[in-house]
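Subject: a structure for you to look at

Hi,

Here's the structure I promised to pass on. Have it open while you read, and I'll walk you through what turned up.

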There are 2 protein chains.
Amino acid sequence: MTDAPGERGQDGEAGGLSAPRTPRGYLDQNEGHECVAGQGEASGLVKERLWIYDTTLRDGQQTQGVQFSTSDKQQIALALDALGVDYIEGGWPGANPTDSDFFANAPETRARLSAFGMTKRAGRSAENDDVLAAVLDAGTGTVCLVGKAHEFHVTTALGVTLEENLGSIRASVAHVVGKGREAILDAEHFFDGYKANPRYALDCLKAALEAGARWVVLCDTNGGTLPAEVGRIVAEVIAAGVPGDRLGIHTHDDTGTAVAATLAAVDAGARQVQGTLNGLGERCGNANLTALIPTFLLKEPYASRFETGISREALAGMVRISRMLDDILNRVPRRASAYVGASAFAHKAGLHASAILKDPATYEHIDPALVGNVRVIPMSNQAGQSNLRARLAAAGIEVPAGDPRLGRILEVIKAREDQGYAYDSAQGSFELVARRELGLMPSFFEVKRYRVTVERRRVGAGTMTLSEAVVVVIIDGQRVLSVSESLDENGTERGPVNALSKALAKDLGRWQSVIDDMRLVDFKVRITQGGTEAVTRVIIDSEDGQGRRWSTVGVSPNIVDASFEALLDAINWKLVRDARRGEGS
Amino acid sequence: MTDAPGERGQDGEAGGLSAPRTPRGYLDQNEGHECVAGQGEASGLVKERLWIYDTTLRDGQQTQGVQFSTSDKQQIALALDALGVDYIEGGWPGANPTDSDFFANAPETRARLSAFGMTKRAGRSAENDDVLAAVLDAGTGTVCLVGKAHEFHVTTALGVTLEENLGSIRASVAHVVGKGREAILDAEHFFDGYKANPRYALDCLKAALEAGARWVVLCDTNGGTLPAEVGRIVAEVIAAGVPGDRLGIHTHDDTGTAVAATLAAVDAGARQVQGTLNGLGERCGNANLTALIPTFLLKEPYASRFETGISREALAGMVRISRMLDDILNRVPRRASAYVGASAFAHKAGLHASAILKDPATYEHIDPALVGNVRVIPMSNQAGQSNLRARLAAAGIEVPAGDPRLGRILEVIKAREDQGYAYDSAQGSFELVARRELGLMPSFFEVKRYRVTVERRRVGAGTMTLSEAVVVVIIDGQRVLSVSESLDENGTERGPVNALSKALAKDLGRWQSVIDDMRLVDFKVRITQGGTEAVTRVIIDSEDGQGRRWSTVGVSPNIVDASFEALLDAINWKLVRDARRGEGS
């Protein structure tokens with residue numbers, strides 16, 4: 001049902017990069033912080049560098065229900081590079097076959113590619129730890145090792161002494177540095193560890209720094225530390241001698257505050273930020289870079305104080321990269337996501353919507369276009385007439401203010417929404433409802449009946465399922481029967497809705513040429529409430545040769561019937577838009 | 001397809017309340033803060049009162065795609081009351097028919113019911129403002145009015161002078177107080193207004209307080225203010241003379257920091273917290289009470305410092321109330337939600353899972369049972385054998401460590417996941433896969449073929465859709481044909497999957513009695529990737545008379561076929577669990 005094209009090539013077309021360039025912001029191991037003479041507000045203002053470390057492909061892979069293929073990882077890595085993150089943590093080579101594969105065929109990026117692993121295990125040298133060797137064998141410029149910084153975990157989970165653990169950290173980092181790589185320590189359970197034994201937690205960080213680590217990252221592994229405490233502890237760590245520009249922060253969203261905790265850490269002096277796109281990650285996810293990056297670029301004090309590797313142009317691609325990731329993972333994009341959600345700039349309240357139409361700044365904290373998003377004034381039972389007129393105008397239908405038909409349209413919309421229809425998203429069907437009330441909807445054809453059959457039977461040693469649809473249509477006084485199967489040109493079964501849509505669109509007489517370039521590109525099913533009954537709501541997205549995309553809705557307890565209704569609206573929308581220009585042929 | 005029973009009565013059964021009791025924490029208008037001699041950590045420690053103001057039914061109604069019926073609102077109000085919030089803002093009577101209806105038939109609650117409205121319009125008295133009158137006519141004990149506190153909005157959006165606006169605030173609040181109600185001012189755009197003209201913003205608050213308002217609430221209406229700034233401004237407002245125990249905070253999630261901004265405000269001295277369940281609300285939503293409430297009760301410094309109206313027992317119902325709301329709105333529950341998400345305590349990484357099995361405190365920041373959640377060790381391609389054995393043990397299947405069949409099961413699971421199956425959620429199907437590999441799966445019956453027909457035709461002036469399913473089964477060597485329609489006992493059409501499930505379960509010979517108490521309670525459809533093709537994944541939830549609930553999955557390009565596969569697994573799971581106890585009859 002979904003044969004949406006996408007930018008899913010395996011040859012880097014999503015990123016559009018060609019030859020590799022010098023790694024972004026390369027820093028000598030022993031140098032202090034890097035300043036970028038900036039486009040600061042005041043002349044001569046020097047901005048500090050803020051480093052973005054993306055772990056979508058490693059920590060994000062630990063999201064329940066998420067599985068990246070190697071080609072998925074390549075596509076995402078290229079998109080992350082085009083966005084401008086500084087580090088891309090690609091996975092744990094050796095521990096996960098997909099990850100080893102990814103690193104073996106890693107794309108060329110300006111961003112530093114990082115391989116994740118853990119500090120050497122007790123009782124062997126760093127050189128002789130095979131798990132660590134596999135991480136180094138991936139050949140990345142950067143290696144990030146997780147190490148214990150919480151005394152309880154050292155003695156209980158690892159079963160070694162505190163001193164032995166420091167030795168493992170030192171030896172592992174020194175080994176990585178000795179191989180000419182940039183070393184990063186992820187200090188696991190750092191905040192809980194610091195609260196239990198601050199001296200020891202700091203010793204773990206210093207062991208890594210002394211052995212040559214470029215960064216030590218404070219990880220709130222359980223996700224239970226609140227922002228105020230994160231800020232306080234980061235400040236204390238810096239006061240205890242760990243330079244802020246060697247310090248990273250890695251939070252999780254178990255209390256719903258990962259983004260804010262990251263901001264608090266930056267406020268306190270940390271200069272590397274770890275997170276994932278769309279807040280993917282274990283349990284409640286990592287700090288959401290899709291929310292952090294726009295804040296760093298657009299909000300004070302960050303916009304004036306810091307420089308990242310992300311340009312304003314790249315920021316405008318934020319919605320696109322967010323949707324791309326959801327598309328790869330077949331996850332429904334979260335409408336309420338900060339900055340990039342489909343509803344992030346949707347102004348439903350009548351009050352807000354009228355004000356917005358006059359001046360968007362009144363209810364929007366940023367211009368949606370800065371992140372590639374759009375303003376939406378949705379249809380709903382709270383919509384006033386000003387919303388409605390604006391929505392109709394967008395569909396090319398002008399209705400004067402105060403026209404009594406506006407009130408009737410709102411009533412029809414509301415009544416149908418009570419039955420389960422949703423017009424917020426199905427603007428194609430909304431337009432048809434309005435046209436019918438306004439007498440602007442011709443009757444192109446009439447469906448007398450249809451029958452859809454799905455049959456599964458044994459064929460040889462296996463089974464085969466086939467769908468067939470018969471549709472009887474009256475067009476220009478003629479009774480036309482059409483039948484279609486659901487097999488596509490490769491002989492692959494595509495299902496009953498596919499068969500029905502083909503039969504419906506097979507022979508529409510003089511309108512045939514108008515609909516020939518229509519394609520079904522998405523199909524969403526939701527069980528919802530229609531009055532007192534559970535009904536199925538189907539929303540169909542269609543596209544045509546002119547690149548237009550429109551959504552239509554159907555509701556019924558019967559899923560095929562609901563699909564039929566949405567298909568009918570899709571065809572009628574196309575006809576009313578294009579058949580006006582001529583009689584068809 | 002979903003005929004899930006639920007606690008959806010209209011007579012308050014969800015809340016279980018009977019006679020009304022004294023409103024919780026009633027406070028005389030002129031009194032200072034209320035202290036509750038607490039169960040503080042130290043003897044003699046007095047806890048401060050933190051007030052929870054829920055606006056799920058008002059601001060939450062402004063979520064794109066959300067429509068509450070009056071009975072929805074009643075059910076949610078009773079659940080909120082049982083939870084223990086202090087205020088329930090029920091809507092805007094007069095502006096929205098559903099809201100007027102709700103207030104006219106409001107349930108009895110311990111929580112204070114609040115009607116929302118706006119300050120009087122210019123050019124008329126408070127007594128003569130019909131919009132305000134409608135709000136008061138709802139008869140609630142508390143009235144919350146939104147008023148402008150941002151000079152730009154006053155002069156541009158309202159088109160009145162700054163002094164006139166102060167007069168409107170004063171007169172409206174005085175009018176509410178004069179009617180014997182508790183008055184609250186929602187200071188709109190407060191933070192932007194304070195940054196533009198702090199003196200004026202404060203004057204708006206003082207006008208309300210002097211006129212007798214119990215609370216003034218600082219609203220971050222655009223959602224663009226970050227937590228550090230919210231905290232700073234709240235502290236300044238209190239330093240300027242507004243008592244913290246008269247001060248509320250109302251944030252939005254447009255930068256992904258609403259929860260943290262609320263915490264920052266409480267840290268700075270605010271004592272009323274406004275938010276919604278599940279973070280519903282305009283655009284990116286309001287501050288999420290589903291995350292805030294557990295933090296206030298379980299995390300320091302809040303647990304020791306503050307008392308709310310919410311008990312530990314009520315907290316354990318947090319997952320339930322969150323799911324109830326999603327169920328009413330037919331929204332898919334967000335798996336990654338803090339505290340209550342299905343994935344909030346799902347430990348996918350092999351490393352984490354082994355440690356958790358030894359000691360949950362190692363990777364969990366709280367005990368999931370405190371909020372009514374559960375620990376999950378999901379199946380995935382990262383799962384090690386320890387995860388798998390734990391999962392099998394939970395299904396009553398013991399397999400010794402190191403058994404080679406464990407590796408084969410993991411391979412089969414992985415291969416099927418590549419085809420589009422998802423075993424994280426469909427644990428019933430997972431169990432059947434394992435049983436087949438372990439030779440522990442009897443063959444109860446065989447389906448030779450099925451045929452499902454959906455037909456829509458004109459009947460009189462309307463149309464009628466009917467589905468019919470024919471299933472041919474071999475059971476105990478006998479060939480049995482069953483046919484079923486999709487009409488239920490009321491003659492309502494229920495769809496092709498319903499017809500198929502009835503036909504499948506109609507005549508299973510000696511197994512019939514075992515499956516007679518099975519019911520299909522949920523049906524989820526997702527278009528996903530199976531290899532290179534788009535396929536439909538159907539997950540079915542079934543329940544039986546013993547209160548067990550199990551999920552099964554089917555995958556096919558054909559939605560009916562995918563449903564068939566999931567149905568077959570559902571029946572087989574029930575048979576393998578229960579038919580062992582006897583031969584059926």
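Start in chain B, where strand β3 (residues 51–54) runs parallel to strand β4 (residues 87–91), joined to it by two bridges. Tyr53(B) has Tyr87(B) in β4(B) as its bridge partner. Strands here are DSSP runs of E with at least two residues, helices are runs of H or I with at least four, both numbered from the N terminus, and two strands pair if DSSP finds at least two bridges between them.

Before going on: this is a predicted model, with local features needing pLDDT of at least 70 and side-chain atom pairs pLDDT 80 or more, while totals for chains, interfaces and linings use all residues. Residues count from 1 along each chain as written, chains are lettered from A and ligands numbered from 1 in the order written, and side-chain values use heavy atoms, without hydrogens or water.

Back to chain B: eight strands close into a barrel, β3-β4-β5-β6-β7-β8-β9-β10, with parallel pairing.

Now, how do the chains relate?

Finally, in chain A, Val237(A) is in contact (heavy atoms within 4.5 Å) with residues including Phe190(A), Leu205(A) and Leu247(A), leaving aside neighbours within four places in sequence.

Cheers
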